[in-house]
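Reader: I've got a model open on my screen and I'd like to learn how to read it. Could you walk me through it, one feature at a time?

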Amino acid sequence: MLTVLVISALYFIAGQRVARALRSNNAGKLHSLPHYHGVWAAVTSALPALFVLLTILIGKDLLFQFWARDYFPEDVMNGDTVDRAIALAKVSNVINGISFGEVEPWVQAAGDAWIRWDANAIVVANSLVLAVSLVGGLLGYRRINLAFRSRNYVERILTWMLIGSSLVAILTTIGIVLSVLFESIRFFKLIPPQDFLFGLEWNPQFEGAERAGSGGGTATYGMVPMFVGTFLISAIALTVAIPIGLFSAIYLAEYATPRIRGIVKPLLEILAGVPTVVYGFFAALTVAPFVKSVGESMGLEVASESALAAGLVMGVMIIPFISSLSDDVINAVPQSLRDAAYGLGSTRSEAVRQVVLPAALPGIVAAVILAVSRAVGETMIVVMAAGLAANLSFNPLDAVTTVTSQIVTILVGDQEFESAKTLSAFALALMLIITTLALNYFALQIVKKYREQYD
Amino acid sequence: MTDRTYQRLDPQQAAERVKASINLRKRKETRFLWLGKTAVAIALGFLVLLFAGILSKGIPGLFQYYVTLDVRLDARQLDPSGQMTVESLAGGDFDGAILTSLYEALGNPEGRKEKREARRLISSGSSQRLMNYVLDNPEQLESMVSIQFAVDDDVDTFLRGLISRETPEADRRISDQLIGYIDALEAEGRISYEISDYLFFGSASRDAEMAGIRGALVGSILTLLVCIVIAFPLGVATAVYLEEMAPKNRLTEIIEININNLAAVPSVVFGIMGLAIFIVAFGMPRSIPLVGGIVLALMTLPTIIISSRAAIRAVPPSIRDAALGVGASKMQTIMHHVLPLAMPGMLTGTIIGMAQALGETAPLLMIGMVAFIVDVPGGVTDPGTVLPVQIFMWADFAERMFVQKTSAAIIVLLAFLISMNAAAILLRKKLERRW
């Protein structure tokens with residue numbers, strides 16, 4: 001790779017040189033500036049070479065996996081995909097020099113062959129890439145002459161690179177959707193969707209326990225308790241955040257002097273910048289015991305990981321979302337509306353309540369919906385401060401669990417990818433994505449529908 | 001419009017009515033203002049509470065108790081084969097040397113039980129510490145040196161006054177005998193309270209007194225490096241394309257919708273994608289900063305793209321027109337004029353995105369960065385962990401001293417975040433241009 005870069009740098013210098021020489025020797029006019037010719041030569045040498053290199057790097061393992069099958073015994077080849085995957089893993093252990101006990105002879109043979117292929121592949125790759133970069137550069141270099149429009153070519157390549165990077169966003173989305181969707185489909189093959197969507201009980205078990213029939217109850221995968229828990233905690237968070245956030249926004253937008261605004265606004269935004277793991281630590285260590293002791297002094301039974309504690313802290317976290325979004329919306333209400341209200345003799349608060357807020361309402365609702373989607377997707381606070389027991393409960397003093405905290409609990413650590421328990425996390429993630437995207441879509445629609453009413 | 005008939009008031013009556021309602025309206029006005037002020041005060045109160053809680057626990061966490069012991073560095077005992085290498089020192093009896101001097105400082109206790117209690121006083125990492133000292137100062141062999149050793153985490157907790165002497169002996173983690181030893185050492189002035197060197201130079205450890213954040217800090221830096229190398233060029237390129245060159249067609253629209261959707265996806269979902277694609281499908285190893293950085297880069301990409309687009313949009317069209325007017329191509333205009341002018345805004349957005357990535361925990365849990373890793377990662381493909389994940393893991397440990405260590409780690413993390421954000425604000429102030 002480094003060699004390729006060096007070669008392309010050399011071609012850059014050569015291309016630029018020859019173009020300069022052309023310009024100074026000849027009476028004719030060079031179409032493009034010399035350094036474009038240099039870049040052209042460099043690009044023609046580097047791009048195809050890097051492409052070849054990448055193809056070899058990615059392709060070689062696939063090819064070797066295919067070849068390695070010749071070494072597999074009959075029963076592995078006739079088995080299902082899992083058997084083959086295990087066989088491959090054994091071979092790769094041999095390659096990496098990790099051995100667990102006795103190695104079967106065919107595995108050893110396959111591993112040795114693989115190492116041999118690998119050594120050959122490096123030689124082939126090196127020489128091929130080198131050759132491609134030299135030849136490619138030479139071809140590009142030979143094309144340089146007075147009339148050659150290297151700038152146009154270079155710019156076209158650049159444009160394609162820009163388009164390529166914009167496509168990363170699409171690729172990421174596709175990646176997310178595919179990874180979640182495939183595993184969810186596999187999950188729904190094991191567990192019927194209606195059981196998952198409407199089941200009232202969540203009790204995942206490892207596949208191994210089921211297979212062995214060692215009891216421990218049957219696994220049930222009903223997502224209702226978790227969504228109830230999620231929305232319970234979000235609701236608590238919103239009851240904290242909406243009044244505080246909204247009144248802060250009104251105060252900052254309508255009453256505060258620029259000086260106070262300049263101090264308070266960044267301070268509020270610090271709340272949004274604090275990492276969620278810090279909030280989680282704070283919730284688990286300070287707020288939860290406090291809620292418990294207050295509740296017990298009032299004679300209430302409070303779980304030590306109550307939904308209330310997690311919800312309160314989450315509410316603090318989303319205050320800045322609501323306040324800064326509503327602040328923007330309130331500021332966007334035209335001054336003429338306020339002036340008209342004042343002109344009719346209303347006080348400031350009357351103007352705010354009866355004119356500004358109704359005008360800003362769609363934006364405020366959108367802000368609240370965005371805050372909900374934020375709360376639903378929030379992970380660390382609930383992992384650290386909410387419980388894991390999937391109680392179907394609307395009581396804020398009970399321990400409840402949420403979608404995100406279940407995902408984390410299931411997927412942290414080692415997991416076997418065939419078990420319904422692991423796959424259930426992907427199905428939960430699918431539901432989570434659908435929920436948050438739907439919320440965002442609604443927020444967007446509300447804003448779109450009412451936006452230009454006052455312009 | 002309505003059938004309501006209005007009562008006609010003469011001016012006198014109207015004035016009286018207004019006068020009567022004015023007080024009420026004024027009171028309402030004051031109440032409303034106070035509601036707003038209270039809301040701001042409550043929000044700021046939460047902020048103060050949060051920081052006070054963390055600082056009050058975390059600042060003591062930056063310090064820990066040490067006991068100073070006079071150790072005789074006996075070459076035959078410590079380095080039996082006499083080569084002064086790590087291997088030869090591994091054969092030396094450092095524990096013995098430390099314990100001898102510890103017993104000496106305690107007035108040579110007799111009996112197994114007493115000695116056992118005395119051994120509980122110092123950290124189990126003391127022999128390692130002495131070994132490092134000898135490696136660094138080989139010329140001091142055969143002499144008497146006084147070295148500070150960390151005390152055990154239970155002893156540390158006791159010295160902070162978090163374990164009460166009044167608690168019955170069976171209920172507390174340290175015995176009366178041990179308390180007697182501690183008092184004796186304290187009376188001799190051997191116990192000191194100093195800035196914890198383990199916190200900054202130690203790595204993950206199950207023993208609270210030796211646990212440090214160095215590994216996590218290095219892991220965080222490596223992860224952020226990967227993240228910025230991927231996210232910055234991609235984000236800027238995307239922003240340039242969408243703002244300057246993209247035709248108004250379906251593809252552009254899809255890209256824009258995609259970016260907005262990505263910004264709304266919960267971070268834990270990015271972790272799931274990383275797990276399914278990079279680890280399961282591509283077979284990359286778990287818990288390496290490379291995968292973590294890629295996942296975080298994809299997560300911060302929308303932030304960077306959106307702020308970069310805003311920065312490009314802020315460059316006035318007259319600049320572009322001027323460049324195009326003197327014969328520059330579209331690409332030259334962008335590269336030579338638009339990008340340099342938009343760079344401060346882009347950098348600010350990138351720093352904010354990086355701060356977001358630095359504090360992110362959930363996606364990294366998904367790709368297995370919770371592994372218990374003692375070694376400091378040396379490169380992006382070495383297993384490692386990051387600061388927020390370290391905080392998450394420590395928060396789960398039961399030992400009391402970990403609470404302080406966790407808070408101290410949080411202080412370090414917040415210090416990084418605040419300085420990054422401050423840098424972003426300064427950069428914006430300094431380079432911002434009004435057109």
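Author: Let's start with domains, whose bounds come from an automatic or database domain assignment. For chain B that assignment gives domain 1 (1-61), domain 2 (62-195) and domain 3 (214-431). Before we go on: this is a predicted model, where local features need pLDDT of at least 70, side-chain atom pairs count only at pLDDT 80 or more, and totals for chains, interfaces and linings use all residues. Residues are numbered from 1 along each chain as its sequence is written, while chains are lettered from A and ligands numbered from 1 in the order in which they are written.

Reader: How many residues of domain 2 of chain B are in contact with domain 3 of chain B?

Author: A contact here means that two C-beta atoms, placed from the backbone, lie within 7 Å. By that rule, 5 residues of domain 2 of chain B are in contact with 4 residues of domain 3 of chain B. On the domain 2 side, the touching residues divide into 2 nonpolar, 1 polar and 2 charged. The classes go like this: Ala, Val, Leu, Ile, Met, Phe, Trp, Tyr, Cys and Pro are nonpolar, Asp, Glu, Lys and Arg are charged, and the others, Gly among them, are polar. The C-alpha centres of these two domains of chain B lie 45 Å apart.

Reader: What radius of gyration does chain B have?

Author: That number is taken over C-alpha atoms, and the globule rule to hold it against is 2.2 Å times the number of residues to the power 0.38. Chain B has 32 Å, whereas a compact globule of 435 residues would have a value near 22 Å. Along its principal axes, the C-alpha trace of chain B spans about 105 × 75 × 40 Å.

Reader: And how many helices and strands are there in chain B?

Author: Both are DSSP runs numbered from the N terminus: helices are H or I with at least four residues, strands are E with at least two. Chain B has 18 helices and 3 strands; chain A comes to 17 helices and 2 strands.

Reader: Now the confidence. Where in chain A is the pLDDT below 50?

Author: pLDDT is the predictor's confidence in each residue, from 0 to 100. Chain A has a mean of 80, with 87% of its residues at 70 or more. The stretch below 50 is residues 208-216 of chain A, which has 5 contacts in the model beyond near neighbours in sequence. Where pLDDT is low, the predicted coordinates should not be read in detail. Chain B averages 83, and 97% of its residues score at least 70. For the complex, the predictor gives an ipTM of 0.85 and a pTM of 0.83.

Reader: Which helix of chain A gives the most to the side that touches chain B?

Author: First the totals: the contact takes 65 residues from chain A and 63 residues from chain B. Helix 6 (residues 150-190) of chain A gives the most to its side, with 19 residues. By class, that side of chain A has 42 nonpolar, 19 polar and 4 charged residues.

Reader: What about the inside? Which residues touch the most other members of the largest nonpolar core?

Author: A nonpolar core is a set of buried Ala, Val, Leu, Ile, Met, Phe, Trp, Tyr and Cys residues joined through C-beta atoms within 7 Å. A residue is buried if 20 or more other C-beta atoms lie within 10 Å of its own, exposed if 12 or fewer, and partly exposed in between; the C-beta atoms are placed from the backbone. The largest core has 214 residues, and A:A283 and A:V313 touch the most other members. Helix 10 (residues 214-245) of chain B brings the largest share, 17 residues. Leaving aside neighbours within four places in sequence, the contacts of A:V313 include A:F282, A:A283 and A:I381. A second, separate core of 17 residues includes A:Y11 and A:V132.

Reader: Let me try a single residue. Why does A:M431 count as partly exposed?

Author: Because A:M431 has 19 C-beta neighbours inside 10 Å. A:M431 is found in helix 17 (residues 420-450) of chain A. Not counting residues up to four places away in sequence, A:M431 touches A:M223 and A:V403. A:V403 is 28 residues away along the chain, and the two C-alpha atoms are separated by 8.8 Å.
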